[in-house]
Amino acid sequence: MHSRKKKSGCLFVVFVFIVSALAFQFGPSVMSDIVKKSVRSAASGPSLTLIPESSDTSVSIDTGDLHSACAILVRLSDKAVLMQKQGDERIYPASLTKMMTAVVAIENIPDLQKKIELSSSLFQPLYKADASMAGFLPGEKVRAIDLLYGALLPSGAECCIGLADEISGSEESFVKKMNEKADQLGMSNTHFANSTGLQNENHYTTVKDLSLLLDYALQNQTFREIFTSSRHSTAATNKHPDGITFTSTLSQNLKDQTLPGGEILGGKTGFTDEAGLCLASLAQIGGKEYILVTAGAEGDHKTEPYDIDDAREVYQRLN
């Protein structure tokens, strides 16, 4: 024990000597930069800390009239939180879950052109649960990239299970990877129980945690391209020789993506009776990018898209 302390003391003396020498030779400003770089290199994991409240006085957004029970708006350039409504409140993420499914899949499949066979056994439970589907069939062999588009655009549950089975052998094992990724991203109030977002009381998150996830995911070019696509046509398969064309669930309800000074670039919708209408979206306004995550809006697929109405309202107030 004493030996370890002596070694630590010696190392500290050496460190101080080196620092002093550098400061003498290069000056305090260079010295400061060296120390900062050393601290950054010592840190592990992605840097996704949000600035709790923005000091930008030009932005004033009232959350009182939003349909959504929870919401958070983040400016991506500096991670400033410009608006927050119950950001740490526990919510059910519904199909916003599929953003994490896609991220984990992209990072664990080296060749996205690889064909994956969708086993017949995965379909029946999804049909029984009335899960949203992309339109693939039992035994269909589909490229991984097309399964990713199928998961994020039409919100296909069969695509999620197919990717999970390919990567981890089972959805249960894949979910462990999802939770490990959540931990890495600092999503401290999140726990995933499945890859699809089907209702489960042990499957929860917050809009703040989802904003951390979306911020991270958008740094991946493959994810960004899919997330911002309104349509996608798959390659031919053994069951669909002409392929399948998907339309984003956001685009189906958002006829005009333009905003004053910008546009909504893309997004992922979600809905269950327990979660309400949910939306994670990306917009560019005045040359800057913003993400907005909302959850718990009233209504369903047969009513007005109140989640999308909220997004338009919030983004318009930025101009």
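This is a predicted model: local features need pLDDT of at least 70, side-chain atom pairs count only at pLDDT 80 or more; totals for chains, interfaces and linings use all residues.
At 10% relative accessibility, lysine 181 is classed as buried. Lysine 181 pairs with glutamate 107 in a salt bridge, their closest N and O atoms 2.9 Å apart. The two partners lie in distant parts of the chain, 74 residues apart. Lysine 181 belongs to helix α7 (residues 171-184), and glutamate 107 to helix α3. Glutamate 107 has a relative accessible area of 39%, so this residue is partly exposed.

Stay with helix α3. Two packed helices are described by the angle between their axes and the distance between those axes. Helix α3 covers residues 97-108, and helix α5 covers residues 144-152. Their axes come within 9 Å and cross at roughly 165°. Therefore α3 runs roughly antiparallel to α5. The crossing of α3 past α5 is left-handed.

Which residues in α3 and α5 meet? From α3 come Lys98, Met99, Ala102, Ala105 and Ile106. From α5 come Leu148, Ala151 and Leu152. Of the residues in this contact, seven are nonpolar, one is charged and none is polar.

Now back to charges. Side chains of opposite charge can pair when their charged atoms come close. The count for this model comes to eight salt bridges.

One of them joins lysine 79 and aspartate 215, at 3.8 Å from N to O.

Another salt bridge connects arginine 75 and aspartate 78. Their closest N and O atoms are 2.9 Å apart. Arginine 75 is buried, at a relative accessible area of 8%. Aspartate 78 counts as partly exposed, at 32% relative accessibility.

Salt bridges can also join up. Asp65, Glu313 and Arg317 are linked in a network of them.

How values were computed: Residues are numbered from 1 along each chain as its sequence is written. Side-chain values use heavy atoms; hydrogens and water are left out. Axes are lines fitted to C-alpha atoms, for helices over the stretch in contact, and angles run from 0 to 180 degrees between N-to-C directions. Helices (H or I, at least four residues) and strands (E, at least two) are DSSP runs, numbered from the N terminus. Angles under 35 degrees count as roughly parallel, over 145 as roughly antiparallel, 65 to 115 as roughly perpendicular and the rest as oblique. A crossing is left-handed if the near helix is turned anticlockwise from the far one by less than a right angle, and right-handed if clockwise. Contact means heavy atoms within 4.5 Å. Ala, Val, Leu, Ile, Met, Phe, Trp, Tyr, Cys and Pro count as nonpolar, Asp, Glu, Lys and Arg as charged, and the others, Gly among them, as polar. A salt bridge is a side-chain nitrogen of Lys or Arg within 4 Å of a carboxyl oxygen of Asp or Glu. Buried means under 20% relative accessible area, exposed over 50%, partly exposed in between (1.4 Å probe, protein chains only).
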